[in-house]
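Colleague: I would like to learn how to read a model like this one. Could we take a few features in turn?

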Amino acid sequence: MATPSPTHSTAAEPGPAISLFELFRIGIGPSSSHTVGPMEAARRFASGLRDGGLLAAVQRLRIDLYGALGATGRGHGTGPAVLMGLEGAAPDTVDPDAMRERTAARRETGELRLAGERSIALDEATDLVYHKRESLPEHPNGLILTALGGDGDVLRQRTYYSVGGGFIRDPDSGLRERNDPVPFPFATADALLRHCRETGLRVSDLARANERLWRDDAAIDAGIDAIWAAMQDCVQRGLAAEGELPGGLHVRRRAAALHRQLRAGGRVDRVAPALAAMDWVNVYALAVNEENAAGGRVVTAPTNGAAGIIPAVLHYYRDFVPDADPDGVRRFLLTAAAIGGLIKRNASISGAEVGCQGEVGAACAMAAAGLAEVCGGSPEQVENAAEIGLEHHLGMTCDPVAGLVQIPCIERNAVAAMKAINAATLALRGDGQHYVSLDKAIRTLRETGRDMLDKYKETARGGLAVNVIEC
């Protein structure tokens, strides 16, 4: 359909636009902030050395990890991710199996192939430092990369912040957000709804109109289809894999066994037998997050720790919603991205900054909004669905046991996927009018995260992270 021109009253409203393809990134597990972001930061650092003609002079590298990267970086695979980035690997193309092999080989030889071109000595025990109790000023996920010459002089040093979802803030390019003049700028949900009312566009239509600033419709569709294909591939790998997850907790993979039971016609949900879809939503979410915990290929949605929620709800849409089709998947993800962009802009999607309410809560809100959209919801009902999904995760802490993205993260995604479906259902049964707006819920997320003690924000120093061990 043709896109109406925005009216004067809202077109001039400022606010950064974040593309769908920035919120949904194909990468590797187990953490977008701990692996995807740091790998990309390290790749940029190595590229800077090469472009600046400094590769031949580098004799030693030093990697300093701070805040949550220092506190839980070992369990989240931050060190290997940074080293792969320094060797030129990119999160969206690196092969997880090849990465594991290269990590083992590097530890055996003590050599790193800087930018993929030059081998230098590397001692992980001294050159890779986890500062468990120190943080940098701008964000809890900070790292400093330093290249040293033969006499110990600093050739290049950069500070990066991994601010959640694979986004990087660095000194050369800043935060990789879209600040271009999109046709329908919106900094708040209220402005988004205003655009919808004035133009008659659905949320997904409006989001697509903004995406057209950077890509034509064919490229938008192809990109979204690739994201959906990666999500489905991740589910299938998770449903096939068995055994224990790495890291020492001896957590058993459950998705494959549950999937076999469901395919055999066995009922697992004994509490509410009428909810036949629940077991399938659970198994899809578990499959994704078990793959993520194993360091497999996943899509940030909007983070790795919450990567199972949107794929699980999309599979629910595909399997259980009448008339589901590929265009519906695209509209789902466009709507989800519009909501995710609001949460990222006005609060945070980083567990290290605001706790798990910013990861699982954001993903639940995004999934609820997407489902409401493709089930015929009005823009007001879509906003209501997102608000319900977010509101009922406010205050959720990020307390990974042993610093691994396993307990409680994997089950948390399954529960949140069902919450998203329920949130959409509640919103669709109403008329879109509700007391707490999405903007107020997002503001509360930001304020709650600010007030939350650091031990509950991905440091593994509070909550389940200490009580499970003590028990």
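Colleague: How many residues does helix α10 have, and how far does α10 reach from its first C-alpha to its last?

Modeller: Two notes come before that. This is a predicted model, in which local features need pLDDT of at least 70 and side-chain atom pairs count only at pLDDT 80 or more, while totals for chains, interfaces and linings use all residues. Residues are numbered from 1 along each chain as its sequence is written, and side-chain values use heavy atoms, with hydrogens and water left out.

Modeller: Helices (H or I, at least four residues) and strands (E, at least two) are DSSP runs, numbered from the N terminus. The expected span of a helix is 1.5 Å times one less than its number of residues. Helix α10 (residues 217–240) has 24 residues and reaches 35 Å, close to the 34 Å expected.

Colleague: Which residues of α10 are buried?

Modeller: Buried means under 20% relative accessible area, exposed means over 50%, and partly exposed lies in between (1.4 Å probe, protein chains only). The buried residues of α10 include I220, D221, W228 and L239.

Colleague: How many residues of α16 are buried?

Modeller: In α16, 15 of the 15 residues are buried, so this helix is largely enclosed by the rest of the structure. Helix α16 covers residues 360–374, and its end C-alpha atoms are 21 Å apart, which agrees with the 21 Å it should span. Just after α16, G376 takes a positive phi of about 90°.

Colleague: Which residues other than glycine have a positive phi?

Modeller: Most residues other than glycine have a negative phi, and most peptide bonds are trans. Here D323 has a phi near 65°, and E458 has a positive phi of about 65°. D323 is in the loop between α13 and α14, and E458 is in the loop between α19 (438–451) and α20 (464–470).

Colleague: Is E458 buried or exposed?

Modeller: E458 is buried, with a relative accessible area of 3%. D323 is exposed, with a relative accessible area of 73%.

Colleague: Where are cis peptide bonds found?

Modeller: One runs from A301 to P302, with omega near 0°, and P302 lies in the loop between β9 (297–299) and α13 (309–320). Another joins I407 and P408, with omega of about 5°. P408 lies in the loop between α17 and α18.

Colleague: What is the volume of the largest cavity?

Modeller: On a 1 Å grid over the protein atoms alone, a cavity is a set of points where a 1.4 Å probe fits but cannot get out, and a pocket is an open set with protein on both sides within 12 Å along at least five of seven lines; lining residues have an atom within 4 Å of a point. Grid points are joined across faces, edges and corners, and a volume is the space filled by probe spheres set on the points. The largest cavity has a volume of about 230 Å³. It has 20 lining residues, and those closest to its centre are A17, I18, F186, N210 and A338. Helix α14 gives the most to this lining, with six residues.

Colleague: Which residues lie nearest the centre of the largest pocket?

Modeller: They are R74, G75, H76, G77 and P80, among 28 lining residues. The largest pocket holds about 590 Å³ of space. Helix α6 supplies the largest share of its lining, five residues.
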